[in-house]
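Subject: Structure for you to look at

Hello,

Here is the structure I promised to pass on.

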Amino acid sequence: MPALELVLSGDPALFAIVKLSLIVSLSAVLPAALIGLPLGAWLALSHFRGRDAVIVVINALMGLPPVLVGLVVYLLLSRSGPLGSWGILFTPQAMIIAQAILIAPIIAALARQTIEDLWLEYRDELSAMNVGTLGSVATLLWDGRFGLLTALLAGFGRAAAEVGAVIIVGGNIDGFTRTMTTAIALETSKGDLPLAIGLGLILIVIVIAVNAAAWATRRLGERLAG
């Protein structure tokens with residue numbers, strides 16, 4: 001099978017695309033986590049008017065259309081946009097920004113649920129020990145680290161499988177901004193099915209590995225908690 005031969009032979013073009021895809025998606029997880037984890041913790045421990053509405057909005061943003069995110073980032077980074085002076089449109093940096101915006105709500109929503117569940121469980125103990133807000137957040141983040149890691153893996157999985165936003169802001173430039181998903185779309189339209197199928201096989205393996213890691217992480221957390 002030509003596609004399998006490409007994968008097993010270590011085709012340089014194929015693995016260059018895989019490498020860029022992993023770098024972009026992993027890089028997007030970091031800023032998304034820096035935004036999503038604190039936001040989720042704040043929502044879990046705070047009580048204010050409109051909190052439920054904020055939670056509903058964040059949950060809704062988990063299904064944010066990638067092409068819409070790509071369009072917004074494109075307009076921001078274009079020459080006539082407010083961030084056009086950065087000069088990063090059609091670069092991996094623009095793709096990282098788009099993916100980070102996509103997965104930040106996912107991480108925030110999952111983190112909020114995890115921390116809120118732990119807060120309901122440990123609230124009385126932490127209050128009795130006069131632990132402040134920052135101390136409570138740190139304690140809950142540590143105790144919920146396995147659940148939060150699952151949230152990060154979910155975000156990475158969404159980023160790795162995304163195509164709409166990155167093709168708009170990245171341009172799908174060969175050797176520079178071409179990722180697995182955009183390459184699959186392009187090569188399929190060109191009729192180069194072996195490369196498309198080979199990339200698809202690797203993408204399936206990555207998705208399965210991410211889900212397996214998330215499952216194993218949650219099971220480990222449950223085992224240690226029990």
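Predicted model: local features only at pLDDT ≥ 70, side-chain atom pairs only at ≥ 80, totals over all residues.

Residues are numbered from 1 along each chain as its sequence is written, and side-chain values use heavy atoms, with hydrogens and water left out.

Overall

The protein chain has ten helices and zero strands. Helices here are DSSP runs of H or I with at least four residues, strands are runs of E with at least two, and both are numbered from the N terminus. Along its principal axes, the C-alpha trace spans about 65 × 45 × 25 Å. Of the 226 residues in the chain, 45% are buried; buried means under 20% relative accessible area, exposed means over 50%, and partly exposed is in between, using a 1.4 Å probe and protein chains only. Contact means heavy atoms within 4.5 Å. Among contacts with a separation of 6 or more, 71% join residues 24 or more positions apart.

Helix contacts

Angles under 35 degrees count as roughly parallel, over 145 as roughly antiparallel, 65 to 115 as roughly perpendicular, and the rest as oblique. A crossing is left-handed if the near helix is turned anticlockwise from the far one by less than a right angle, and right-handed if clockwise. For residue classes, Ala, Val, Leu, Ile, Met, Phe, Trp, Tyr, Cys and Pro count as nonpolar, Asp, Glu, Lys and Arg as charged, and the others, Gly among them, as polar.

Helix α5 (residues 92-128) packs against α7 at an angle of about 155°, and their axes are 9 Å apart. The two are therefore roughly antiparallel, and α5 passes α7 in a right-handed crossing. On the α5 side the contact includes Leu102, Ile103, Ile106 and Ile107, and on the α7 side it includes Leu148, Ala151, Leu152 and Arg158. By class, this contact has eleven nonpolar, four polar and one charged residues.

Helix α7 (residues 145-160) also packs against helix α2 (residues 12-45), at about 135° and with the axes 9 Å apart. This pair is therefore oblique, with a right-handed crossing. Leu22, Ser25, Leu26, Val29, Ala33 and Leu37 of α2 meet Leu148, Leu152, Phe156, Ala159 and Ala160 of α7. Ten of these residues are nonpolar, one is polar and none is charged.

Helix α2 also meets helix α3 (residues 51-61), where the axes come within 10 Å and cross at roughly 145°. That crossing is left-handed. Leu39, Leu43 and Ala44 of α2 touch Arg51, Val54, Ile55 and Ile58 of α3. The contact divides into six nonpolar residues, no polar ones and one charged.

Bend and backbone

Helix α5 bends by about 60° at Tyr122, the bend being the angle between axes fitted to the seven residues ending at a residue and the seven starting there. After α5 comes Asn130, whose phi is positive, near 55°. Most residues other than glycine have a negative phi. Phe90 has a positive phi as well, near 65°; Phe90 lies in the loop between α4 (66-77) and α5 and is partly exposed at 33% relative accessible area. Asn172 has a positive phi of about 55°. Asn172 sits in the loop between α8 and α9 (180-190) and is buried, at 10%.

Two further residues

Ala165 is in helix α8 (residues 164-170) and counts as buried because its relative accessibility is 0%. Not counting residues up to four places away in sequence, Ala165 touches Pro66, Val67, Gly70, Ala98 and Leu102.

Val163 is in the loop between α7 and α8 and is partly exposed at 34% relative accessibility. Leaving aside neighbours within four places in sequence, Val163 is in contact with Thr181 and Thr182. The C-alpha atoms of Val163 and Ser46, 117 residues apart along the chain, are separated by 35 Å.

Regards

Technical notes: Axes fitted to C-alpha atoms, helices over the stretch in contact; angles between N-to-C directions.
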